[in-house]
Amino acid sequence: MLAFTLRRMIQAIGVMLAVGIIAFAMFRFAGDPVNQMVSIDTSAAERAAIRKSLGLDDPIIVEFAHYFANAAQFKFGVSYQFRLPVADLLKERMPATLELATCATILAMVFGILMGVYSALRRDTLLAKAFQAISLIGISLPTFLIGILLIYLFSVTLGWLPSFGRGEVVKIGWWSTGLLTLSGLKALIMPSITLGLFQMTLIMRLVRAEMLEVLRTDYIRFARARGLTTRAIHFGHALKNTLVPVITVTGLQFGSVIAFAIITETVFQWPGMGLLFVQAVQNVDIPIMAAYLLMVSLIFVTINLVVDILYTVVDPRLRATISRPA
Amino acid sequence: MSDAVVPHKTDAGAPAAHASASGWFTRVIESDLFYSFCRSKLTITAALVTLLFFLLAIFAPLISVQNPFDPAQLQLINSRIPPLWTADGQTPFLLGTDEQGRDVLSAILYGLRISLVVGVLGVAFSGALGILLGLIAGYVGGAVDSLIMRIADVQLTFPAILIALLVNGVVKSVFGNRLDAASMLGVLVLAIGLSFWVQYARTVRGSVLVEKSKDYIAAAQLIGLPAPVIMLRHVLPNTMSPILVIATINLALAIITEATLSFLGSGMPDTMPSLGTLIRIGNNYLFSGEWWIVAFPGFALAALILSINLLGDWLRDALNPKLR
């Protein structure tokens with residue numbers, strides 16, 4: 001168990017190192033950092049001074065170590081467009097993205113599980129077929145089209161919901177939240193649906209498949225033979241056992257929800273990290289791109305690691321198979 | 001669908017004497033795949049719609065009333081005309097025009113061309129890259145195998161759209177922000193290719209590992225065939241059916257990715273718009289009531305992706321021996 005945990009952690013560090021090398025290569029070789037920071041009339045001597053102060057004359061290994069040491073302390077350099085430290089920009093934008101991603105995930109889980117359970121238990125009803133059709137549409141429609149459709153329906157035609165921004169936000173320390181004001185909550189609805197729809201279809205399909213599988217097993221038949229109520233069997237026994245894979249998948253998908261927030265944030269002009277990243281790509285702001293890559297990878301790798309370790313804690317069968325080859 | 005459960009249509013090619021020219025045709029007609037295709041109305045519809053889109057794209061210059069990429073043919077006097085069936089519609093512009101006086105239908109047809117070209121080339125590139133790396137990893141094994149597969153593992157944890165955006169940004173920063181429309185098309189193909197190769201590589205590697213231990217490979221090695229020949233001529237053909245499924249589903253994904261990149265403003269420029277670019281442009285006029293500028297490109301994109309996805313779903317089930 002300890003060996004497994006250690007091995008997974010070393011793997012995770014390896015991945016972060018690899019991503020770090022890519023981020024560094026982008027930062028260092030894609031475009032000259034000095035050219036991006038100075039104006040046309042900067043003299044050659046000044047350029048050389050900046051070059052030296054950035055440490056660009058050092059051997060590449062030293063430079064990489066330097067970059068990595070800085071990145072570990074969340075110092076990602078200065079943004080070319082905003083002339084502000086990238087870390088501050090990310091910190092300012094992070095609450096918006098995390099709130100959006102969390103709401104979308106909760107929404108996806110609640111509706112995904114409900115729809116999945118229903119379409120597994122009442123397989124041939126019209127509603128179950130409608131859910132299947134919705135899931136096909138959820139997979140086929142690009143995220144931005146769903147967003148535009150929602151805006152047209154609820155902002156342009158009905159005028160119920162705001163089409164862009166976060167509404168009013170309340171500051172709690174450095175964290176700005178939109179969850180405590182009415183306009184903030186209203187602004188959150190459409191982006192959350194847009195972002196959560198894909199996850200919802202995924203969860204729905206998974207719950208449906210798992211539920212159908214579990215309902216065929218012997219212990220469910222035994223529970224029926226014991227004369228338990230249908231409700232106790234379906235929700236006490238069957239659903240409980242389908243939830244483990246669902247939670248795993250949802251956990252693992254949280255990283256990609258954050259990445260997909262790039263699209264949703266652009267459609268709704270949501271002031272999060274994704275919008276910052278898209279603007280960075282358009283304006284070739286390499287420090288932000290590199291920092292975003294590092295941050296998102298860190299989130300991904302951490303979630304993967306935690307889920308993997310938790311899984312072995314929860315499921316004793318896995319522990320046996322892991323320790324055998326080791 | 002095995003022969004035991006569902007009988008063949010035996011009346012399709014009755015005469016036993018096959019001319020070599022009509023031979024492959026009869027083989028197609030009599031195949032299990034074609035039979036299962038004919039049984040699903042949804043699949044036939046999806047195939048017809050997909051075919052229609054490809055034909056529309058190929059014959060775009062013949063159908064459309066103007067070349068939307070040629071600024072000389074656009075007249076500002078024709079800007080923001082609503083679709084023909086509304087009160088203010090004007091004759092040549094069936095689906096209305098946009099801000100620059102560009103006919104929406106013509107723009108969709110030409111945009112469809114770009115979306116399909118980028119999609120097909122992107123799938124071809126990612127497929128070639130993935131198949132090559134998968135063959136090498138599976139056939140050579142050892143350290144090469146672990147290196148390629150570790151890279152694949154790492155990349156698989158990241159969504160394709162993020163990788164495509166990064167590739168895009170890096171290429172832009174290397175070449176400066178002044179790429180012309182045609183080279184932007186190449187950048188998109190590159191970005192999509194580098195984002196989607198992993199699935200091919202994993203699948204091919206898995207199949208290669210299975211095939212490698214079989215006798216015919218040992219025989220091929222014994223008669224002294226070089227490794228590349230064995231890989232390409234003998235191993236590869238036996239891994240084709242899962243690749244076909246992945247390629248179909250990835251075509252839809254590649255088109256979505258291209259549209260998304262263009263929508264985000266890092267894809268095709270406004271002067272040579274793809275469907276995604278058209279949707280981005282149209283999105284700006286949503287609030288001023290010009291819904292047709294965004295609605296029709298959006299509908300075309302959704303219909304295209306849905307029909308390709310339906311084809312992919314069918315192909316996956318039809319080629320899966322477990323479901324037969």
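**Close-ups of helix packing and a chain contact**

**View 1. Helix 7 of chain A passes helix 10 of chain A in a right-handed crossing.** Helices here are DSSP runs (H or I, at least four residues), numbered from the N terminus. This is a predicted model: local features need pLDDT of at least 70, side-chain atom pairs count only at pLDDT 80 or more, and totals for chains, interfaces and linings use all residues. Residues are numbered from 1 along each chain as its sequence is written, with chains lettered from A and ligands numbered from 1 in the order written.

**View 2. Here is how helix 7 and helix 10 of chain A pack: at about 30 degrees, with axes 9 Å apart.** Axes are lines fitted to C-alpha atoms over the stretch in contact, and angles run from 0 to 180 degrees between N-to-C directions. The two helices are therefore roughly parallel (angles under 35 degrees). A:T143, A:F144, A:G147 and A:I148 in helix 7 meet A:F260, A:I263, A:T264 and A:V267 in helix 10. This contact (C-beta atoms, placed from the backbone, within 7 Å) has five nonpolar, three polar and no charged residues.

**View 3. Over in chain B, the axes of helix 5 (residues 104-140) and helix 8 (residues 181-212) come within 4 Å and cross at roughly 35 degrees.** Helix 5 of chain B passes helix 8 of chain B in a right-handed crossing too.

**View 4. Now for the two chains together: 30 residues of chain A are in contact with 33 residues of chain B.** Helix 1 (2-29) and helix 12 (286-314) are among the chain A elements giving two or more residues to this side.

Conventions
Left-handed = near helix turned anticlockwise from the far one by under 90°. Parallel < 35°, antiparallel > 145°, perpendicular 65-115°, else oblique. Nonpolar A, V, L, I, M, F, W, Y, C, P; charged D, E, K, R; others polar.
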